[in-house]
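Thanks for coming, everyone. Let's go through one structure together. Please look at the screen.

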Amino acid sequence: MITFSICLALLVTAYFTYGRYLERLVAIDDTAPTPCRRLYDGVDYVPLPRWRVFLIQLLNIAGTGPIFGAVLGACFGPVAFLWITLGGIFMGAMHDFLSGVLLVRHDGLSIPEAVGHCLGDGMRRFMRLFSVLLLVLVGAVFLLSPAQLLGNMTPAIPAATWVWIILAYYFIATLLPIDKLIGRIYPLFGIALVVMALGLLVAVVAGDRTIPDLTTLRNFQPDAARLPIVPTLFITIACGAISGFHATQSPLMARCVENERACRPVFYGAMIAESIIALIWAAVAMAFFGGAGELAEQLRAHGGSAAWAVDTLSNGMLGVAGGLLALLGVVAAPITSGDTAFRSARLIVADMLRLEQRSHLKRLAICVPLFLVGYWITTIDFDVVWRYFAWTNQTLATIVLWSITVWLVRQKRNRWVALLPAVAMTFVCASFLFVSDQFFGMENRTAAYLAGLLMTLCITLFIHYKFCRDATTAA
């Protein structure tokens, strides 16, 4: 309980300390006109109150990420607390805040356009394809998983029917102006997500279960050699520590913030809140099942299903209320993240083709192909679809971190806040690519060497860029 309490205190404190430092770093200007005022279109560029934007951002970036990922990551042991806390403060929240400010200052454009501004047209074209594919993949995953769960809960309505029902909702939500559905309903789901986590925390503290402390860096996974802490833990817990998916969602709210001063609560604050939610779920999972090792064994016995663990501990800790909250966590939350994923994909395609989105026909012209592809993906084996999502997600975060680093260099500001996380995540993503059975399945030491070489190459390219820029400035 001591480790958990310290980590919780650090996350809260960071919002008022490191978050304010980052505000000063980028010189937040509360007099600068934001995109929702300059480019108002009544569809995507719509001013919304700060509290509403915060809750929508929290729900958009969270979904089931800080729940499922935290439960699976808790199998590694209390070391997960460190990754959630330090990753959330110095990587995830920094990534979300600085990329959010970057997006606000570039007309709320989608993340590929912002990355292209920093890393060039080649990376812009790559990111357009990469981001759209990721978002349609996310939308498909968050379409199929709740449909399957609802199919199990309602035998009279098969999962295939639920797929079409949820897809119809996605279609409507993606087409409607953001303040008509998302702006009204999603804050309520955001509040429920927070209440669910706090309710479980109170139940653990008030009960006789114990949250384990960090007394060892031991890996509690049954097959620790196949699932090493570095890099597997850093891929398993994405939402709650750092997630590239967030950068695809931030343009939605970058088009709605009324003032640059709202960027810290909306972007840094929402990520800190997500880290707290992930911290609570990791702690509750270990406490409920009697430890990280016991949790890992139970998950293995149930096919690695985080949904099963969430449902079991919610009902076990909170009874009927817990069952309703679990329903929210494993059904409503992924649906809301799925529709904003498709909405973000629409905006990326619209920015790429320079199509204004006031027209219903132009929105339909983009949405219909996206949803057809998304539905086709649901026909593929779910395990195959899910298998590559986590690595792709963290790779996107790494690209955004390098973009932020270049942006800070151009602004002549402290680049180290983004450079060090960019280097670390480059090593994590590269080593996972080489060591994981999903990809090359190399021996751990060989994978580490190759990841180190790739990381060194990225650092070399950055130094070359910095040297050329300094030389050009001096001339």
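Start with Asp-44. Its relative accessibility is 2%, so Asp-44 counts as buried. Buried means under 20% relative accessible area, exposed means over 50%, and partly exposed is in between, with a 1.4 Å probe and protein chains only.

A word on the model. It is predicted, so local features need pLDDT of at least 70 and side-chain atom pairs count only at pLDDT 80 or more, while totals for chains, interfaces and linings use all residues. Residues are numbered from 1 along each chain as its sequence is written, and side-chain values use heavy atoms, leaving out hydrogens and water.

Which residue forms a salt bridge with Asp-44, with the closest N and O atoms 3.0 Å apart? Arg-343 does. A salt bridge here is a side-chain nitrogen of Lys or Arg within 4 Å of a carboxyl oxygen of Asp or Glu. Arg-343 lies in helix α15 (residues 306-353) and Asp-44 in the loop between α3 (35-38) and α4 (50-62), so the pair ties together parts 299 residues apart in sequence. Helices are DSSP runs of H or I, at least four residues, numbered from the N terminus. Arg-343 has 1% relative accessibility, so it counts as buried.

Asp-44 has another partner. Its side chain meets that of Arg-346 in a salt bridge, 3.1 Å from N to O. Arg-346 is in α15 too, so this pair ties together parts 302 residues apart in sequence. Both Arg-346 and Asp-44 are buried.

Next pair: Glu-113 and Arg-128, at 2.9 Å, N to O. Glu-113 lies in helix α7 (residues 111-119) and Arg-128 in helix α8, so parts 15 residues apart in sequence are tied together. Both are buried. How many salt bridges does the structure hold? It holds 16.

Now the core. The largest nonpolar core has 168 residues. Such a core is a set of buried Ala, Val, Leu, Ile, Met, Phe, Trp, Tyr and Cys residues joined through side-chain atoms within 4.5 Å. Helix α13 (residues 263-288) gives the most, 21 residues. Trp-281 is among the residues with the most contacts inside the core. Leaving aside neighbours within four places in sequence, its contacts (heavy atoms within 4.5 Å) include Pro-66, Met-196 and Val-310.

Last, α8 again. Leu-129 is found in this helix, residues 121-153. Buried or exposed? Leu-129 is at 56% relative accessibility, so it counts as exposed. Its C-alpha atom is 9.3 Å from that of Val-349, 220 residues apart along the chain.

Conventions. Helices (H or I, at least four residues) and strands (E, at least two) are DSSP runs, numbered from the N terminus.
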